[in-house]
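Colleague: Hi! Could you walk me through this one? I'm new to reading structures.

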Amino acid sequence: MGKKDVWQGTLALMVLKTLQTMGALHGYSIARRIEQISGDLLSVNYGTLYPALLKLEQEGYISSEWGLSDNNRKAKYYALTRAGRKHLQSETQAWDETTAIIARFFAEGKAGA
Amino acid sequence: MRCLRALLMRLGGLFGKDRRDAELAAEIESHLQLQIDDNLRAGMDPAEARRQATLRFDGVEAVKESYRDRRGLPWLETAWQDLRYAVRVLAKDRGFTAVAVMTLALGIGANTAIFGLIDAVMLKALPVERPGELLQVKMGEDGTVFTNPIWEQVRDRQDVFSGLFAYGGDRFNLSPGGEARYVQGAWVAGGFFETLGVQPALGRPLTKADDRRGCPATVVLSYDFWQSEYAGSPSALGRTVSLEGQPFQIVGVAARGFSGMAVGRPMHVYVRLCSEAIVHGKESWLDGRSIWWLTVVGRPKAGVSPQQATARLKVLAPEIFRATKPQNWRPEDIEGYTKRTFETGAAAGGISDLRGQYSNALLALMGVVGAVLLIACANVANLILARSSIRQREIAIRLALGSGRGRLIRQLLTESLLLSLTGAALGVLLAQWGSQLLVRLLSTSRSAVTLDLHVDGRILAFTAAIAIGTALLFGLAPAWLATRVLPNAAMKSGGRGTIDGHSRFGFGKALVIVQVALSLALVVCAGLMLGTFRKLANMDPGFRQEQVLIADVDLRNARYPEPQRLAVFAQVLERLRALPGVHSASSSDITPISGMAWNGEIVVEGYQAKKRGDSIAYFNQVSDRFFETMGTPILAGRDFSDRDGPAAPKVAIINETLARKFFGQASPLGRSFVMERGPNPEPPVEVIGIVRDAKYGTLREETKPTAYVTERQAIEPARMSHNFELRSATSASDLIPGVRTAIAEVNPNVIIQLKTLSLQVEESLTRERLLAVLSGLFGGLALLLAMIGLYGVMSYNVTRRQNEIGIRMALGAGQTTVRTMVLGDVAILVALGLATGIGLSLAGGRLVERFLFGMKASDPAALASAVALFAAVAALAGYLPARRASRVDPMVALREE
C-alpha cells in the first residue's frame, strides 16, 4: 500500500504545528518532519507545500528569512509569527471539537451494531 | 482582514517578477541540495542521490507554476495579457475600430449628456450642510408659496425647526437709469444662511438676529457675482450697489459654489426681506395678505422626524390661517382659506421651476438616447459578427491548440470592453460639449439657465456602467457564436467562412430588424416633436407677432408720485406714436404670451355658471389702438376712444370666446357685465366691441374668454412700470434707437427694457424647441446607424455569397436578376423591421402624447412619412451591395475557390 497524500486543508495546520514545536525550519525539513511524525504514512507533495508556505506568509502567519543549514547550505527558514501562534491555537481548538463530535458519532454507530 | 492582507501581498506579487523567480529557483535548489545531502548520507552514489532527489520533487516546473499562481493574481495577469492582445488586434484593424468606437462614442456620449442634465436638474443635492434634512413647508401639491403674514406667523409659532427661513426670488435692476440691467436675487428672511450652513467667503451673512422690519438696506453677494463685478476685491465690502435705484450696502459674500435654492437659476444678490419697503415703498408686499411669493424651508430640530414636524404644523394651521385672513375676499373664499393646512416636502435638491418644467421631457429624452445606444450596440455587434467570420481560422487554431472556450470568450469580451471604454472616453468629451449646447437651448433672454455640468464621479460612474453594460450587450452574443465552431471544420474550409453560416447570419439579420424597428420608432417620435413645434410656431395666435417691439418702461428711478404716473405714461405713448417708422403704438398691462395673467369672475345677466370656476374671465387693461398694433381685428363695435374717459360709463371690448360663452347667440354689443372684485358692488361694464380670439398666456392654451378694459378708466392706481407696443413699418428692431431717445427725452432716469414680440413668443416654446431639436438629432442618428447596419450586413452577405452568385451568373442569371435577389433580401429585412417598428411606435406613443400639440401619437401622416423616409434610405443602403453583387465576374468568383 502506498503512502497517503496529506489531506487538503490540513497541510497548513501541520506546518504551523511543526513550526511551533521545532522553531524556524526550511521547507525541506518541514516536509521531512511531517512525514516522520506520521510514521512515514504521509507523503508531502512539494507542489502543494511551497504554495501553502507562500499563502501562510501572505496571510502573515509565518515569516521567512534566508539562513544557513547545519551542513552549511543556504536555505530559506520559516518561523511562526504571533498572529500564526494565535491562529494555530484557535484552529487546534476547532479541530479538537470537530474530531470529538465525529468520534461521538462513530461511537454511536458501534453501539447500535 | 487576513484576506485583504493576502490580496495586497498578491497584488505586490505582480511586480518584481524576475527577482521573485530567482528566489524561488534558489529555494528549490537548496531543497534539492538538502535532499541530496541526506541521500548521500544514506549511502547513495552522487548521481543516484541527485536523480532520486529530483524524482521525489515531482516536476520542478509544475511546482514553480503552482507557486507563481499563488504568488500573484493569475486572473489579473491573464486580463493584462488579454488587454495587450486586444490592443494589438484592434490597432491592426483600424477601419473596424474607428467605426465601432465612433458609433459607441455617439451612443454613450448622448446618454452621458442627457444623464448629466438629469443629474444636475433632478438628482444633485444643494451644496449646503446636510441637505437631506431640509424640509420645504407647503400647502399640499399646488400651494408652495406663502404670503408674508403667513410666513411671520409660521416663524413665530413653530417649535419643530431649529432653523427656518423664507425667500422670494426677484430680479433687481442694477442700472440707475436708461437700459435696464438685471441680476437675479432674493429677498431672504429668518435664518437663511444659518439654516443652510452657508459660510461667508467674506464679511458676514445676514442673520436671523437682525431680521426686524425696517432694517437697513444691506446685501450679501454671491461669490460669482463678487468675482465678475468686483474682480474678487475685498474692498467691495462696505461699498454700495444700486438695486432698483436704491443704494444697498455690501456686508458679505456667500461661500463659493452657493447660488441659492433654485437649480439652474442662480441668485446673485441676497437682500433682507425686512428692507423690502425701501424698494417697493407704499406698495410693499410685507402686509399683502393675497400676495403669494415666499418659499419657506426649514431644518427640523435634532430628533424631530419630518412626519412629526408636519403633524405639528398641521396642528398650528387653523390658528395661523385664521390670523392671516385676506381682506376683500368673498366669505366663501375666506372659509376655504381658513380650512387650509400645511404639508412638507424634501428640499435636499433645492426648489426649481426647471424641474417641474423639464423632468418629464428629460426622462423622455433619456428613453430616446437609451434606444440610440441599443441601436449602436446592435451595429457594433453586427460589425463584430462580420469580423469573426474572418477570424474563424484564428479561433479554430486556438481551440485546436487547447484553449478553453471560456478563455476565448473572455479574450473576445476584453476586446469588446476595450472598444466600449474607448468609446465611452470619447463620449464623455462629446457629452461635455453637447451639454453646453443643451443648456443654451434651455436659456431664454429673460431667464438664463446656468447648470453645474462638470463631470463628477457620479457621471463617470454612470458612463462606466453603461460602457460595461454595452460591451456585454454587443460582445457576448458574437463571442458565443464565434467560439461555437469545430476546429477541424473551420481549418479545412479555407479562408472563407462557410461554416454554420446560416444560423450565424440569422442572428445578424435579427439585429438589423431590431435596429430598423427601434430607429423607426425614434424617427416617428422625432416627426411628432417636430410637427408639434411647427404647429405651435406657425399657428395663428390671433395677433401678428412680426414687426412688433415691446418696451417695458419703469418709472421707479424717476420718482414720480403715483397720481402723476398716468400722465407720464400718456406722454411716453404720445412720443412713441410720433416716432418715424412707427405704424401704430399702444400700451397695456399685459403683453401676449408673457406668462402674466389677470383673471377674475364676471357676472352676466342670464348666464348661469354650472360649476365653480366656470365664470372666470381673463382681463387686460389697454390703451386705444392696442388691437390695431397687435393686428387683432375688431369684428364688431368700436375701439376705445377719447369718449371713454374716467368719468364716462365703464366700457370693455370682449373676444369671441367670451361673447359666445357668456352672451350666447345674441349680440353682446350694448349689454354689460360686472367684474367681481371683493365684497363691494362694482359698476356694470358695457360691451362696446368684439375682437377676434387671441392667445393670452401660452400658445398651447385653449383660447381664454378675455375682456379688455381701457387704461383711462383704470380701477387700480397706476403701477410703476408699464408695457408699450409698437408696430413698425419695417422691422421691429429698426425702432430701438428711436424708442431709447424718445423715452430718455421724457426723463433720462426712466428704465426701459426692449424685446420683440416674436422673441417673446419664440421663447415660450423653449421646451418644445428642445424636444424637437434633440429628438430630430437622435432620430437622424438612429436612422444613420440603422442604415450603416443594413449596409454592413448586406455587403457582408454579398461577399459571402460571391461563389453562389458567380455560379448563378455562369448559369445565365442576368445582372438584373442578381440585383433583384439582393434587393429582395433587403426588402424582407426592412419590411419586418418596419412592421415591428410601427407596433413599437404605437405602443410607445402614449409616452410622448403629453408633449404633443395638435397631433396624436398615432398620427398617420407622421407614421407614413417616417416609413417612406426609411424605405428610401434603405433602398439606397441596399442598392450599393446589390450593384456590387451584380458586377461579380463569374470567372473570378469561381476561380477563387
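Modeller: Happy to! Let's begin with two helices: helix 2 of chain B passes helix 4 of chain B in a right-handed crossing. Keep in mind that this is a predicted model.

Colleague: Okay, at what angle do helix 2 and helix 4 of chain B pack?

Modeller: The angle between helix 2 and helix 4 of chain B is about 135 degrees, and their axes are 11 Å apart.

Colleague: Why do residues three or four places apart point the same way in a helix?

Modeller: An α-helix has 3.6 residues a turn, so residues spaced like that end up pointing the same way.

Colleague: Nice. Now the two chains: how many residues are in contact?

Modeller: On chain B there are 20 residues in contact with 18 residues of chain A. Helix 1 (2-12), helix 2 (17-41) and helix 4 (60-71) of chain B each supply at least two residues of chain B's side.

Colleague: Which helix gives the largest share of that side?

Modeller: Helix 2 of chain B, with seven residues. The side of chain B that touches chain A divides into seven nonpolar, five polar and eight charged residues.

Colleague: Switching topic: how do helix 5 and helix 15 of chain B pack?

Modeller: Helix 5 (residues 74-92) and helix 15 (residues 405-442) of chain B pack at an angle of about 65 degrees, with their axes 9 Å apart. Helix 5 of chain B passes helix 15 of chain B in a right-handed crossing. Among the residues that meet are B:Leu83, B:Tyr85 and B:Val87 in helix 5 of chain B, and B:Thr414, B:Leu418 and B:Leu419 in helix 15 of chain B. The contact divides into eight nonpolar, two polar and three charged residues.

Colleague: What about helix 14 of chain B: which of its residues are buried?

Modeller: The buried ones are B:Gln392, B:Ile395, B:Ala396 and B:Leu399. Looking down the axis of helix 14 of chain B, they fall within an arc of 100 degrees, so they line one face of the helix. Just after that helix, B:Gly402 takes a positive phi of about 105 degrees.

Colleague: Which residue other than glycine has a positive phi near 30 degrees?

Modeller: That would be B:Arg130. You'll find B:Arg130 in the loop between helix 6 (94-123) and strand 1 (135-138) of chain B. Another one to look at is B:Arg625, which is not a glycine but has a positive phi of about 65 degrees. B:Arg625 lies in the loop between strand 15 (616-622) and helix 20 (626-630) of chain B.

Colleague: Is B:Arg130 buried or exposed?

Modeller: B:Arg130 is exposed, because 11 other C-beta atoms lie within 10 Å and the cut-off is 12 or fewer. B:Arg625 counts as partly exposed, with 19 C-beta neighbours inside 10 Å.

Colleague: Last one: where is B:Arg660?

Modeller: B:Arg660 is in helix 21 (residues 656-663) of chain B. B:Arg660 is partly exposed, with 15 other C-beta atoms within 10 Å. B:Arg660 and B:Pro705 are 45 residues apart in sequence and 8.8 Å apart in space, C-alpha to C-alpha.

Conventions
Residues numbered from 1 in each chain as written. Chains lettered and ligands numbered in written order. Predicted model: local features only at pLDDT ≥ 70, side-chain atom pairs only at ≥ 80, totals over all residues. Contact = placed C-beta atoms within 7 Å. Helix = DSSP H or I, 4+ residues; strand = E, 2+ residues; numbered from the N terminus. Nonpolar A, V, L, I, M, F, W, Y, C, P; charged D, E, K, R; others polar. Axes fitted to C-alpha atoms, helices over the stretch in contact; angles between N-to-C directions. Left-handed = near helix turned anticlockwise from the far one by under 90°. Buried ≥ 20, exposed ≤ 12 C-beta atoms within 10 Å, placed from the backbone. Arc of directions from axis to C-beta.
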